[in-house]
Amino acid sequence: MLESKQCPACGRTFAPRVAWAVYCSRTCQKRMHRRRLVARRKAAGLCPQCGGELTAVPRVGGYKGNGSTITYCAKCRAYFAARWRGAG
Ligand SMILES: [Zn+2]
Ligand SMILES: [Zn+2]
């Protein structure tokens, strides 16, 4: 019987099926992998979404978001803008 562990991704306690299990599920494993990838991209000054180079884009008037530090490349920005518009 293996001791229960705490998943570093979701914080849940789970019973691992194998001794080397770190995350409770593949979903959490993927999530943490992605989080690390995003952190590395941000540190490198790249788009956290696709890892592409960030292009300097002049600020769009009317947007008051000086608290936001996340910036995406033009491609991903367009993608998110379309998604936000489409999402209910
Ligand atoms: Zn988890
Ligand atoms: Zn991008």
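The legends below describe several close-up views of a predicted model.

**View 1. The protein chain as a whole, a predicted model.** Because the model is predicted, local features require a pLDDT of at least 70 and side-chain atom pairs count only at pLDDT 80 or more, while totals for chains, interfaces and linings use all residues. Residues are numbered from 1 along each chain as its sequence is written, and chains are lettered from A and ligands numbered from 1 in the order in which they are written. The secondary structure of the protein chain amounts to two helices and two strands, where helices (H or I, at least four residues) and strands (E, at least two) are DSSP runs, numbered from the N terminus. Of the 88 residues in the protein chain, 5% are buried, a residue being buried if 20 or more other C-beta atoms, placed from the backbone, lie within 10 Å of its own, exposed if 12 or fewer do, and partly exposed in between. Among contacts with a separation of 6 or more, 14% come from residues 24 or more positions apart, two residues being in contact if their C-beta atoms, placed from the backbone, lie within 7 Å.

**View 2. Helix α1, residues 26-43.** This helix has 18 residues and reaches 26 Å from its first C-alpha to its last, close to the 26 Å expected at 1.5 Å a residue; the expected span is 1.5 Å times one less than the number of residues. Since the number of buried residues among the 18 of α1 is zero, the helix lies largely in the open. Gly-45, with a positive phi near 80 degrees, follows α1.

View 3. Thr-27 has its place in helix α1 and is exposed, with 11 other C-beta atoms within 10 Å. Its C-alpha lies 9.2 Å from that of Ala-9, 18 residues apart in sequence. Arg-31, also found in helix α1, is partly exposed, with 15 other C-beta atoms within 10 Å, and its C-alpha is separated by 9.4 Å from that of Cys-10, 21 residues apart along the chain.

**View 4. Gly-52 in the loop between α1 and α2.** Gly-52 is found in the loop that joins α1 to α2 (74-86), where 14 other C-beta atoms within 10 Å make Gly-52 partly exposed. Leaving aside neighbours within four places in sequence, Gly-52 is in contact with Leu-46, Cys-47, Cys-73 and Lys-75. The C-alpha atoms of Gly-52 and Arg-41, 11 residues apart along the chain, are separated by 8.9 Å.

**View 5. Helix α2, residues 74-86.** The end C-alpha atoms of α2 are 18 Å apart, in agreement with the 18 Å that its 13 residues should span at 1.5 Å a residue. The number buried among these 13 residues is zero, so α2 lies largely in the open.
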